[in-house]
Amino acid sequence: MALTNRKVRAILASAAGKGGGSPSLVAAGATWGWIGDGLNAPSGGVGSGLANPVHQFMALMGLRVQPVPLPIIARSGSTIARDISTNRALINPYAIDAMAKQVPDIFIIGTMGANDNLLSTNPGANPASGQTTNVYLQDWYDAVNYAYSKFVAYGGKLFVVMATASSTKVGESTYRTTVWNAQKAFVAALTASDSKVVFADITDMTDPTQWSVDTSSSYTHWDERGSYHAALAVLNAITGKIAAATDDECIDAINAGTYPLMTGSQLDTDQAMAGTGGTVTGPGISGTLADSKVITNNTGATGITVAQVATSGGRTKTVVTLAGTASADGKIMIQDKSNISLAGTPGQPFRTGAILRIPANVARNAGSEWNNQWGFWGGGATSLVDNTRAGANETHAIASAIVNGSLSGTSGVVPAGNSTTFAGKRTWAFFAKSGTSLAGTFELERTFAYKPSNRLAAAMAYIGDFKDSFGNTVLNTNWRLRPTGTISQASGGTIRVEPGTWNLFGLTEADFATRRLYKGNSGNTAVGSGTLIGAEMSGSTWTQTFAGGVVTTGDLVYAEITDREGNTYRSAITVTAT
């Protein structure tokens, strides 16, 4: 049975000390997670970077808040709760459950319902009551109520709900305002009982052509103008409820080892950005750069200069003075000259980034890069390119601590991986399209790296197998529990167990209490099925080496992990014996 506002208020009333009541100011460094439809998706939909409202939100908030391990759960082609043509139900309950397991302090429900044609469907009589003959609006109500019940249960601090985004689909001009008013009233009823609930109001976005260049899809997908406006709506809804903290203050706390959820010390060894022996690669750019960095320019613009400028505390910042006009689509990119090396264990990610400043009206896409992750900017040193959803250049300057990602393991997956060290080069860049006049300064300073941990915030939960209503895994396979390595019938081999995306930061080897390897076939997907090979592993042991004859050519090797609470998970990924 669907949850109504009345039922949710009853849940709230019984949840003393959890979600209800008047909240105190949320501390800086609180965690956030964001779910929604393709207008929030980092892959497909609006895509990553400036065209994504979540990335704009990250730029607006900086380190005042920090993401959960899987901070964006949204995908192009998703619907709320029912399959519509080729669009798949993703949000209720799948995305909601996966987000709630990560217990974000700030649970954000972004736009949802674009693929449900929610705004272009008659909402029926009395839609603001929370019961409507419009099945799509009812799905929206039910999703909000279900997410809210989860939020109350784990004791969240802010619950943010955004209206459905507009488009030029047939029927919206008739029903849009009525549906929006119903959504507003519905959330207002929750807010009346719980001031932790806030509405991110985007109902002033009445002309979709002002916010999108997506002519092929009824202006459904925002460009950077629409995404900034939507992100600003979230900021405006929550900023007065979160303690003030500048990025400099937050990085000072990282340096002191006191930033929320931080374990250990600041790990970046060159936060002062010392020296002037960095590599400056033209054409069109000259000057000096910190020893640890390299800068490149392939925009074709000339007359660009770079220098290290003293700031405070013995630190410097990189200041790129822009000039000329881009003669080609390209980017100006600052990168670590050498890999940074961070020591960790499986389940312990690293978070790293820097304060980045990019002027308005020059960037087609911008941010920091490392690898193609759900929830962070970009994807690798060559991936920050001309996003097809981008309209005009970014009309709002960026001046914020940008998080590269949560990183560990040789492949940089979020958040586990298995190397004893993480080695990689961080990149900060902006992309300019041909013909753009480059003016102002592009600045980088105060790089940081640290280990976040909230391992005891909730029961462990494995979310690497998060799927939609069609049973399709939503995440890239890099995020799942998996065995890696090679093994053959003739000569054996070495297989390693790797945990993927779990719901908490800073999990220790004790949290992954035991690990096992099994051989079998495609039918052995159940826990414990097939034949155990080798010994059960615990502690710091994640790898086993086998002699020839242990497996037969064609065998599939599965990995299993039993967590600290006694739950056992089997990998969907296998290694095939040769």
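The legends below describe close-up views of a predicted model.

Residues are numbered from 1 along each chain as its sequence is written, and side-chain values use heavy atoms, with hydrogens and water left out. Because the model is predicted, local features need pLDDT of at least 70 and side-chain atom pairs count only at pLDDT 80 or more, while totals for chains, interfaces and linings use all residues.

View 1. Strand β11 covers residues 289-297. Helices (H or I, at least four residues) and strands (E, at least two) are DSSP runs, numbered from the N terminus. Seven of the nine residues of β11 are buried, so the strand is largely enclosed by the rest of the structure. Buried means under 20% relative accessible area, exposed over 50%, and partly exposed in between, with a 1.4 Å probe and protein chains only. Two strands pair if DSSP finds at least two bridges between them. Strand β9 (residues 277-281) runs parallel to β11 and is joined to it by four bridges; G277 has L289 as its bridge partner in β11. Strand β14 (residues 330-336) pairs with β11 in the antiparallel sense, over five bridges. Here V294 stands opposite Q335 of β14.

**View 2. The largest pocket.** Rolling a probe the size of a water molecule over the atoms shows where empty space is left. A pocket is an open set of points on a 1 Å grid over the protein atoms alone, where a 1.4 Å probe fits, with protein on both sides within 12 Å along at least five of seven lines; lining residues have an atom within 4 Å of a point. The largest pocket holds about 180 Å³ of space, where a volume is the space filled by probe spheres set on the points, and grid points are joined across faces, edges and corners. Its lining has 14 residues, and D268, T269, D270, I340 and R426 lie nearest the centre. By class, the lining has six charged, five polar and three nonpolar residues. Asp, Glu, Lys and Arg count as charged, Ala, Val, Leu, Ile, Met, Phe, Trp, Tyr, Cys and Pro as nonpolar, and the others, Gly among them, as polar. Strands β11 and β15 (340-343) each supply at least two lining residues, and β15 gives the most, with three.

**View 3. Aromatic rings around F159.** Rings of Phe, Tyr and Trp (its six-membered ring) pair if their centres lie within 6.5 Å; planes under 30 degrees apart count as stacked, over 60 as edge-to-face and the rest as tilted. By this rule there are 16 aromatic pairs. One of them, F107 with F159, is tilted, at 5.8 Å centre to centre and 45 degrees between the planes. The pair links distant parts of the chain, with F107 in strand β5 (residues 106-109) and F159 in strand β6 (residues 158-162), 52 residues apart. F107 counts as buried, at 0% relative accessibility, and F159 is buried with a relative accessible area of 0%. Y148 and F159 have ring centres 5.4 Å apart and planes at 65 degrees, so this pair is edge-to-face. Y148 belongs to helix α4 (residues 135-154), eleven residues from F159 in strand β6. Ring pairs link F107, Y148, F151, Y154 and F159 into a cluster.

**View 4. R570 over two tyrosine rings.** A charge sits over a ring if NZ of Lys or CZ of Arg is within 6 Å of the ring centre and within 35 degrees of the ring normal. R570 lies over the face of Y518, 4.6 Å from the ring centre. The charged end of R570 also sits over the ring of Y558, at 4.9 Å from its centre.
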